[in-house]
Amino acid sequence: MVLRTVRAAGGIVSRKGPNGQVEVLVVHRGKHNDWTFPKGKAHVGESDEACAIREVEEETGLRCELGPELAETTYRDSHGRWKRVRYWAMTPVGGRIEAAEEVDAARWVTPTEAEVILTYEHDVDVLASFLATPV
């Protein structure tokens with residue numbers, strides 16, 4: 001049996017923090033006990049861009065607009081399937097941070113703090129692409 005590649009998308013949501021420094025939003029998923037960036041699987045017929053916007057809002061409560069596309073990641077998920085995740089830089093334009101079904105916490109952190117708190121090395125790679133991309 002051939003397993004299909006799971007298509008997913010998400011974003012690195014950023015803002016200027018109280019001291020003017022860039023902050024990024026990381027989320028904690030209780031089921032996986034991990035810190036990551038908001039993302040999720042695409043619906044059938046949904047574009048990756050629309051998926052990224054929808055998933056970020058579902059997981060964080062924030063409505064965002066897309067910025068530049070960032071690095072993508074490919075890895076095996078917990079079911080052994082290949083998963084490809086495309087990411088975009090995102091800016092909040094409305095909403096407020098709220099807990100969601102899959103996400104039990106969200107936190108604004110500096111990029112340096114994110115490098116420490118992120119569970120997966122591939123997320124650190126996406127963060128590096130965000131930091132190298134003019135937004």
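**View 1. Val109, a buried residue of strand 7.** Val109 is buried, its relative accessible area being 4% (buried means under 20% relative accessible area, exposed over 50%, partly exposed in between, with a 1.4 Å probe and protein chains only). You will find Val109 in strand 7, residues 105–109; helices (H or I, at least four residues) and strands (E, at least two) are DSSP runs numbered from the N terminus. Neighbours within four places in sequence aside, Val109 is in contact with Val22, Glu23, Val24, Val26 and Ala114, where contact means heavy atoms within 4.5 Å. Ala132 lies 23 residues from Val109 along the chain, and 18 Å separates their C-alpha atoms. A note before going on: this is a predicted model, in which local features need pLDDT of at least 70 and side-chain atom pairs count only at pLDDT 80 or more, while totals for chains, interfaces and linings use all residues. Residues are numbered from 1 along each chain as its sequence is written, and side-chain values use heavy atoms, with hydrogens and water left out.

**View 2. The largest nonpolar core, with 19 residues.** A nonpolar core is a set of buried Ala, Val, Leu, Ile, Met, Phe, Trp, Tyr and Cys residues joined through side-chain atoms within 4.5 Å. Val24, Val26 and Phe37 have the most contacts inside this core. Two or more residues come from each of strand 1 (6–16), strand 2 (22–29), strand 5 (62–76), strand 6 (82–95), helix 2 (111–117) and helix 3 (121–131). Helix 3 gives the largest share, four residues. A second, separate core has twelve residues, including Leu25, Val56, Leu62 and Cys64.

**View 3. The surroundings of Val26.**

**View 4. Helix 1, residues 48–60.** Buried residues here are Asp48, Cys51, Ala52, Arg54, Glu55, Val56, Glu59 and Thr60. Their cover includes strand 1, strand 2, strand 4 (39–41), strand 5 and strand 6. After helix 1 comes Gly61, with a positive phi near 85°.

**View 5. Asn33, an exposed loop residue.** Asn33 sits in the loop between strand 2 and strand 3 (34–36). Asn33 is exposed, with a relative accessible area of 60%. Its phi is positive, near 50°, although Asn33 is not a glycine.

Definitions and conventions:
Expected span 1.5 Å × (residues − 1).
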